[in-house]
Amino acid sequence: MWSKLCPVFNFWEPLHFLEHGYGFQTWEVTPTFAIRSWAYVLLHLPLARLGNVFASGKRPSFFAVRIGLAVLSTLCEAKLCRTVVEKVNERVGRYLFFMLLFSTGMWIATAGAIVGWPFGLALSLPFVFEELFIFGGDTVPPVNRMVWTIARWKRLFVAGFISLLIFVPVIAVDSVAYGRWTLVPWNIIRYNIFGGAERGPDLYGTSPWHFYVMNLLLNFNILVVLALASLPSLLVTYIVDNKRLGNQKPCQDRSSPFTVLALRLAPFYIWIAILTLQTHKEERFMFPAYPLLCFNAAVTLYLVRGWMEITYISITKSPYKASRSIAFGAATLAIVATSGLISLSRALALYHYYHAPLAIYSYFEEFELPRLLVHTGLLPPLPTGINDRDRPSVDLSPIKEFNLRLCLGKEWYRFPGHYLVPTGVDVGFVKSESSGLLPAHFTHSFDAWWDRKGSKHTPAGLNDLNKEVQEFYVPIHTCDYLVDTDFPNYPTASQHEPRYATDEMVWDRVICFPFLDATHSSTLTRTLWVPGSWWQSKNEFGDYCLLRNKGNVDTKAKAVAARMQ
């Protein structure tokens with residue numbers, strides 16, 4: 001379920017570097033290219049430190065940051081719902097609340113953010129136009145129009161100036177961190193737009209035009225159809241039920257509520273259009289528009305309910321009966337509830353089918369490493385016969401005596417970050433069939449964050465052309481543990497991706513968790529989760545394994561045990 005490649009290597013790893021002095025470094029966070037902001041990363045450091053207050057180890061910091069982001073996202077969504085109730089319609093706000101609450105996409109995006117991304121300004125364009133040229137809820141006689149216009153432009157410039165002031169500390173922090181004058185937003189624009197034919201996001205994969213539509217259907221199901229239908233629905237409502245948004249008639253003194261609402265529905269269309277035109281597509285790029293998708297869907301549902309009401313009245317000739325009927329509420333409830341149930345099924349599918357990577361690293365820390373410490377006498381035997389939830393926390397600091405290396409091959413892109421790997425365990429990449437550029441290691445540094453040498457240094461080989469660097473790999477024989485997948489029902493092997501899990505001469509299977517083989521599973525059953533053996537029989541699963549190099553670990557365990565005697 002945790003497979004967000006870019007946030008791991010461009011957010012979690014730099015944050016881990018700030019807190020612990022080491023981690024993986026991508027070319028984006030080097031002073032040579034500098035297209036990621038250290039100021040944004042630094043904002044999360046207090047949350048990460050807060051996690052250490054409640055428990056030892058690095059894992060609490062990881063979840064403290066995610067919980068903090070989730071709380072902030074929740075507060076923002078609550079404010080959005082309140083604003084929609086006040087500025088649009090109470091019923092629209094109610095629909096929006098439940099759509100935000102139950103949609104899978106919102107749960108995926110809640111603990112993440114794309115901050116400082118200059119392209120996000122496109123979402124604000126309709127709102128800026130409304131601010132400057134549309135009266136909205138104001139009534140402005142012609143005699144006061146100049147005063148009103150000046151006031152609106154003044155408010156915009158003041159807001160823009162305040163926003164620009166935020167850039168001062170951001171530029172300062174980034175410049176200190178990178179060791180040179182740095183303007184990250186400009187670097188992003190320069191690379192993505194003016195980088196030339198040999199550079200740019202297309203180096204990291206391209207997708208067909210329908211990528212976002214399909215992805216949105218996975219995360220929002222029927223709400224996507226409602227959201228895309230919002231502007232056409234508004235036009236239909238203007239024709240058949242022009243009092244749906246109030247009895248105010250457009251005139252010189254005020255704007256039509258249909259014009260105002262159309263502008264507020266437009267950002268979602270603008271965003272999906274811009275992203276669809278780009279050949280390089282990622283799910284996270286849609287995150288800023290997720291709340292807008294729910295808003296558009298809520299508006300459509302409200303408008304459709306109006307169509308049902310006027311149809312009912314035209315048939316029964318009785319507005320009173322319409323006001324007493326529960327059919328309209330039942331219909332809208334059915335739509336919202338159906339969407340929520342589908343989203344719940346999708347969320348359960350993500351957990352049951354793709355949770356193995358997180359489970360592997362959890363088992364490595366909570367069971368395998370303590371077992372190794374107990375076996376060598378560095379830790380007293382753990383109590384037996386207790387529930388896993390009640391196991392006492394273990395001090396894993398002695399594990400550094402083993403000089404262990406955990407390796408990843410073809411599963412490098414599902415690495416959840418060093419926060420879920422205990423201190424004292426080195427993480428390295430072994431060569432796989434992937435031929436792109438992998439991250440390097442930050443130069444180890446334990447000075448204050450503003451004087452970390454690693455953020456000011458570009459490791460040799462890191463480039464913005466996605467060219468592979470052989471020096472970033474470690475030999476497989478130096479790996480003590482390996483995280484790898486194996487699909488025994490449909491086995492595949494190659495020179496750089498042998499079936500390590502079946503090589504019993506070298507590797508022990510510490511533990512394996514089921515992991516969905518999406519290629520050989522039914523489209524419907526791999527998309528949604530439903531209890532019962534029949535549903536699951538349509539899916540194929542492989543093994544997501546933590547493997548132990550028998551020779552390496554045994555040799556190191558004996559050496560440590562001998563030193564302890």
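These legends accompany close-up views of aromatic rings in a predicted model.

**View 1. W27 and Y191 form a tilted aromatic pair.** By the ring-centre rule, the model holds 41 aromatic pairs, and here is one of them: the rings of W27 and Y191 sit 5.0 Å apart, centre to centre, with 50° between their planes. W27 comes from the loop between β1 (24-25) and α2 (38-43), while Y191 belongs to helix α9 (residues 184-194), so this contact ties together parts that are 164 residues apart in sequence.

**View 2. F98 and F102 form a stacked aromatic pair.** Their centres are 6.4 Å apart, and the angle between the planes is 5°. The two residues share helix α5 (residues 90-102), where they are four residues apart, about one turn of the helix. F98 is partly exposed, with a relative accessible area of 35%; F102 is also partly exposed, with 43%.

**View 3. Seven residues make up one aromatic cluster: F9, F24, Y361, W412, Y413, F415 and F429.**

**View 4. The charged end of R244 sits over the ring of Y302.** The distance from that charged end to the ring centre is 3.9 Å.

**View 5. The charged end of R452 sits over the ring of F17.** Here the charged end of R452 lies 5.6 Å from the centre of the F17 ring.

Technical notes: Residues are numbered from 1 along each chain as its sequence is written. This is a predicted model: local features need pLDDT of at least 70, side-chain atom pairs count only at pLDDT 80 or more; totals for chains, interfaces and linings use all residues. Side-chain values use heavy atoms; hydrogens and water are left out. Rings of Phe, Tyr and Trp (its six-membered ring) pair if their centres lie within 6.5 Å; planes under 30 degrees apart count as stacked, over 60 as edge-to-face and the rest as tilted. Buried means under 20% relative accessible area, exposed over 50%, partly exposed in between (1.4 Å probe, protein chains only). A charge sits over a ring if NZ of Lys or CZ of Arg is within 6 Å of the ring centre and within 35 degrees of the ring normal.
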